[in-house]
Amino acid sequence: MFWVLFLRVACVAAAVSCARLCLAASVAADHPERPVDAARPALAPQDYELSLYETAFLAGGPVRVADLALVSMHRRRRLLLAHTGWATVVDPRGQDDVERSVLGAIGPAGQSPVAAIRTATTTADAVRAVADRLVSAGLAVPDAVRAPLASAVRSVRAATLLVLALAAASLLLPGQEQAAGRGLVAAWFALPLGLSLGCLAIARFEIHPYTGWASPAGRRVLDALASGHCAGERAFLTAVARLGVRAVDDPHLRAALAARRGH
């Protein structure tokens, strides 16, 4: 009967993670800045003209904004991004607040690992200002809503995997060779598994829109942008803002942006 201990652990993990998700959803529903469409006038995508930084934030958050700035500065020969993962300043004059944040992250030495620049830029005041503008417009999900919900969803997913692992271990324990014994164990583990899977299914439709960076209205604006027409450098930078590093076709630049640390 050792499998009963595994069952208790599985039930506790499923119940606690689902309760955490419900609590996070309840807190988010009471948040004064929650991005609920019914609480705002209908948003027409054509009424908004997103900047490249705003597009990047809605599509990928602060990290995407930092990557966009790095790519833009590299292509305008203001920075040199090496495939080894290091950035070198070519022109120390930033053209906007985000670029100045990138240069400030590099420091007076004029060289720094791309990973360190990205980390410092994501927490800069310039990037927070982009986020604040989008939240005020109802296009981005406030961090006070998004972060707890995303964390709670991840905990339910982890609990689901734990339940499956404990169920598999219980079925492989000695003494479970008979079909009746295996069926009993599987039936009991189906309870916490059903709870966690059901919670994830509900979260997929009710909570998932608020675990990303863009609110439902923000995603409509991004969809409208994807169907728009632009050419040249603007089209390339828009693709980087929307898709991230995978929109970069230069293998050396992709290697520089993918580097986790300098060499």
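Two rings of Phe, Tyr or Trp, the six-membered ring in the case of Trp, count as a pair if their centres lie within 6.5 Å. Planes over 60 degrees apart make such a pair edge-to-face. What we are looking at is a predicted model, and by that rule it has one aromatic pair.

The pair is Phe-57 with Trp-213. Their ring centres are 5.4 Å apart and their planes stand at 65 degrees, so the pair is edge-to-face. Where do the two residues sit? Phe-57 is in helix α2, and Trp-213 is in the loop between α7 and α8, so the pair ties together parts that are 156 residues apart in sequence. Phe-57 is buried, with a relative accessible area of 5%. Trp-213, at 25%, counts as partly exposed.

Staying on helix α2, which runs over residues 52-75, let us take Glu-54. Is Glu-54 buried or exposed? With a relative accessible area of 13%, Glu-54 is buried, because the cut-off for buried is under 20%. Its side chain has a polar atom 2.9 Å from the backbone nitrogen of Ser-51. The Glu-54 side chain also makes a polar contact, at 3.4 Å, with the side chain of Arg-133. Apart from neighbours within four places in sequence, the residues in contact with Glu-54 include Val-130 and Leu-134.

There is one ring with a charge to mention as well. Arg-75 lies over the face of Phe-236, 3.9 Å from the ring centre.

Next, Thr-122, in helix α4, residues 114-122. Thr-122 is buried too, at 18% relative accessible area. A polar atom of its side chain is 2.7 Å from the backbone oxygen of Thr-119. Beyond four places in sequence, Thr-122 is in contact with Pro-62, Val-63, Ala-66 and Val-127.

Last, helix α10, residues 251-258. Which residues of this helix are buried? They are Leu-253, Ala-256 and Leu-257. These three cover an arc of only 95 degrees around the axis, which puts them on the same side of α10. As background, an α-helix has 3.6 residues a turn, so residues three or four places apart point the same way. What does the buried side pack against? The buried residues of α10 pack against α2, β1 and α4. On the face turned away from that side are the exposed residues Pro-251 and Ala-258. At the N-terminal end, Asp-250 caps the helix, with a side-chain oxygen 3.0 Å from the backbone nitrogen of His-252.

That is what I had for today.

Note on methods. Residues numbered from 1 in each chain as written. Predicted model: local features only at pLDDT ≥ 70, side-chain atom pairs only at ≥ 80, totals over all residues. Heavy atoms only, no water. Helix = DSSP H or I, 4+ residues; strand = E, 2+ residues; numbered from the N terminus. Buried < 20%, exposed > 50% of the residue type's maximum accessible area, 1.4 Å probe, protein only. Polar contact = N/O pair within 3.5 Å; in protein donor to acceptor, adjacent residues only side chain to side chain. Contact = heavy atoms within 4.5 Å. Phe/Tyr/Trp six-rings, centres within 6.5 Å; stacked < 30°, edge-to-face > 60°. Lys NZ or Arg CZ within 6 Å of the ring centre and 35° of its normal. Arc of directions from axis to C-beta.
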